[in-house]
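Here are some friendly notes to read alongside the structure. Please have the sequence and the 3D view open as you go through the points.

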Amino acid sequence: DSRRARNDATWSDLPADVTCWSYGTEVFKGRSTGKVSYGDTGRISFVDAANGRYTTIDGDCRVVYLPKKAA
C-alpha cells in the first residue's frame, strides 16, 4: 500500500502515453492530460489530450508517464 501511495503522489499529476490492445490488436494510442485511474476490473480511465474527453478503456494497456519538464 505504501508503494502504491508513493507512486500515486509521484506520478498522478503527470501526462502519460497510453497504448492499449485487445486480442493483440492495437485499439488505442494517445496521451492523457494527467492522472490515469485504474479500476478493479482492469479498466483504465483518463482525459484524452487529443479531444479533452473522459475516456475509459478495457484491454491490455501500457501507460508510460512523461517526465516533468524543467522550469
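**Notes on the predicted model**

1. Thr19 lies in strand β1. Leaving out residues up to four places away in sequence, Thr19 touches Glu26, Phe28, Lys29, Asp60, Cys61 and Arg62, where contact means heavy atoms within 4.5 Å.

2. A word on how to read all this. Residues are numbered from 1 along each chain as its sequence is written, and side-chain values use heavy atoms, with hydrogens and water left out. This is a predicted model, in which local features need pLDDT of at least 70 and side-chain atom pairs count only at pLDDT 80 or more, while totals for chains, interfaces and linings use all residues.

3. How confident is the prediction? The protein chain has a mean pLDDT of 85, with 80% of its residues at 70 or more; pLDDT is the predictor's confidence in each residue, from 0 to 100. Within the chain, β2 has the highest confidence, at 96, and α1 the lowest, at a mean of 52. Where pLDDT is low, the predicted coordinates should not be read in detail.

4. Now to the sheet. Three strands make up an open sheet, ordered β2-β1-β6, with antiparallel pairing. At its edges are β2 (25-31) and β6 (60-65), each of which pairs on one side only. On average, neighbouring strands in this sheet are turned by 10 degrees against each other, direction ignored. Strands (E, at least two residues) and helices (H or I, at least four) are DSSP runs numbered from the N terminus, and two strands pair if DSSP finds at least two bridges between them. The angles, from 0 to 180 degrees, are taken between N-to-C directions of lines fitted to C-alpha atoms.

5. Which residues face each other across β1 and β2? Asp17 stands opposite Arg31 in β2, and Trp21 is opposite Glu26 in β2. Strand β1 (residues 16-22) pairs with β2 in the antiparallel sense over six bridges. The two strands form a hairpin with two residues between them, and Tyr23 in the turn has a positive phi of about 50 degrees.

6. Finally, look at Leu14, in the loop between α1 (2-11) and β1. Leu14 counts as buried because its relative accessibility is 7%. Apart from neighbours within four places in sequence, its contacts are Ser32, Gly34, Lys35, Tyr65, Leu66 and Lys68. Leu14 and Ser32 are 18 residues apart in sequence, with 8.5 Å between their C-alpha atoms.

How values were computed. Buried means under 20% relative accessible area, exposed over 50%, partly exposed in between (1.4 Å probe, protein chains only).
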